[in-house]
Amino acid sequence: MTGDLAPAPAPAARTAWTTLPYGTHPDQVTEVTVPDGTSGPVPLVVLLHGGVWREPHDRVHIRPLAAALTASGLLVASTEYRRVGGAGGWPQTFEDVALATDTVPDLIESAGLAQVDRGAVVLVGHSAGGHLALWAAVRHLTAPHAPGHRSTPLPVAGVVPLAGVVALSSLQRTGPDADSVERLMGGDPLTVPDRYAAGDPTLLGAPPCRTVLVHGTLDEAVPVGTARDYAAAHPGVELVELPGTGHVEVIDPTSAAWPAVLDAVRTALHGTRTR
């Protein structure tokens, strides 16, 4: 496995979290961090970690990002899902993300943790998590029988893929970790085309919400060209390119990329639907 696609080790966040299950499997949980001094509805970030969709990489490495977002006044639900090498892959990984993004706001309120501002919910994902966040926002464009299909668009204000895998087919053809895509999908686009048609965001179209791609120009794991192609194909999609930035800096709140990441999240939270 190419090391660039795996998350860099990071210290644990200092912010305390509450773990809520959204399903019965041990990986079907979300870690909720609540900003201090909240009163009334709070904007929510549903955060999806990366790690090439594989079992060894879990939500632990993204806790510093969750803590930094929370310190900025945002409610954060860092959401786990079943992964390849464990109980995940096609279709379980997709089913988990669908279930989580459908239910996490209600779970937070039912647990009495905070009141969610339903008009300010944004999906944020890094790398493989960026793929899943973008896919979650276009599930209504999949075929009715497809895993995770919604009959209506997910009610979110925006989606922010950070160094996101916006095109499974492209990464499968040219990326340094093509086998990871095939492991996730259970084959390549020629052998399981229906799966790619249902799970590859670039084949489904742009979300009907504010979409901001954040991508480093020095990213060797997920080349910035894939983000450029996606943004060019969908005029309503915004692309923030970060010169001199690689793959993992976008989830490091101590890096020079952090202000741009936070600005993109705030832009998406307060954005308007593109169509």
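**Figure 1. Strand β7 and its neighbours.** Of the 7 residues of β7, 6 are buried, so the strand is largely enclosed by the rest of the structure. The model shown here and in the other views is predicted. β7 pairs with β6 in the parallel sense, over 3 bridges. In that pairing, V159 stands opposite T211 of β7. β7 also pairs with β8 (residues 238-242), again in the parallel sense, over 5 bridges. Here G216 has L242 of β8 as its bridge partner.

**Figure 2. The buried face of helix α9.** Helix α9 covers residues 258-269, 12 residues in total. From first C-alpha to last it reaches 17 Å, close to the 16 Å expected at 1.5 Å a residue. Its buried residues are W258, V261, L262, A264, V265, A268 and L269. Seen down the axis of α9, these residues fall within an arc of 155°, so they line one face of the helix. What covers them? The cover includes the strands β3 (41-48), β5 (115-126), β6 (158-162) and β7 (210-216). Helix α1 (63-71) is also part of the cover.

Figure 3. S72 lies in the loop between α1 and β4. W258 and L262 are among the buried residues of α9. The side chain of S72 also reaches the backbone oxygen of A68, at 3.0 Å. P35 is 37 residues away from S72 in sequence. In space, the two C-alpha atoms are 7.7 Å apart.

**Figure 4. R83, a buried arginine in a loop.** R83 has its place in the loop between β4 (75-79) and α2 (92-110). Its relative accessibility is 3%, so R83 counts as buried. The side chains of R83 and E80 are joined by a polar contact of 2.9 Å. The R83 side chain also reaches the backbone oxygen of Y81, at 2.7 Å. Which residues does R83 contact, leaving aside neighbours within four places in sequence? They are D27, H49, W53, R54, E55, H57, D58, G88, G89 and T93.

Figure 5. Most residues other than glycine have a negative phi, and most peptide bonds are trans. The residues in this view depart from that pattern. W53, in the loop between β3 and α1, has a positive phi of about 60° although it is not a glycine. W53 is buried, with a relative accessible area of 2%. W53 is also one of the residues in contact with R83. S127 sits in the loop between β5 and α3 (128-136). Its phi is positive too, at about 55°, and S127 is not a glycine. At 1% relative accessibility, S127 counts as buried. A cis peptide bond joins W90 and P91, with omega about 0°. P91 is found in the loop between β4 and α2, where R83 also has its place.

**Figure 6. The whole protein, for orientation.** The protein has 9 helices and 8 strands. Buried residues make up 59% of its 275 residues. Among contacts with a separation of 6 or more, 76% come from residues 24 or more positions apart.

How values were computed: Residues numbered from 1 in each chain as written. Predicted model: local features only at pLDDT ≥ 70, side-chain atom pairs only at ≥ 80, totals over all residues. Heavy atoms only, no water. Helix = DSSP H or I, 4+ residues; strand = E, 2+ residues; numbered from the N terminus. Expected span 1.5 Å × (residues − 1). Buried < 20%, exposed > 50% of the residue type's maximum accessible area, 1.4 Å probe, protein only. Arc of directions from axis to C-beta. Contact = heavy atoms within 4.5 Å. Polar contact = N/O pair within 3.5 Å; in protein donor to acceptor, adjacent residues only side chain to side chain. Pairing = 2+ DSSP bridges.
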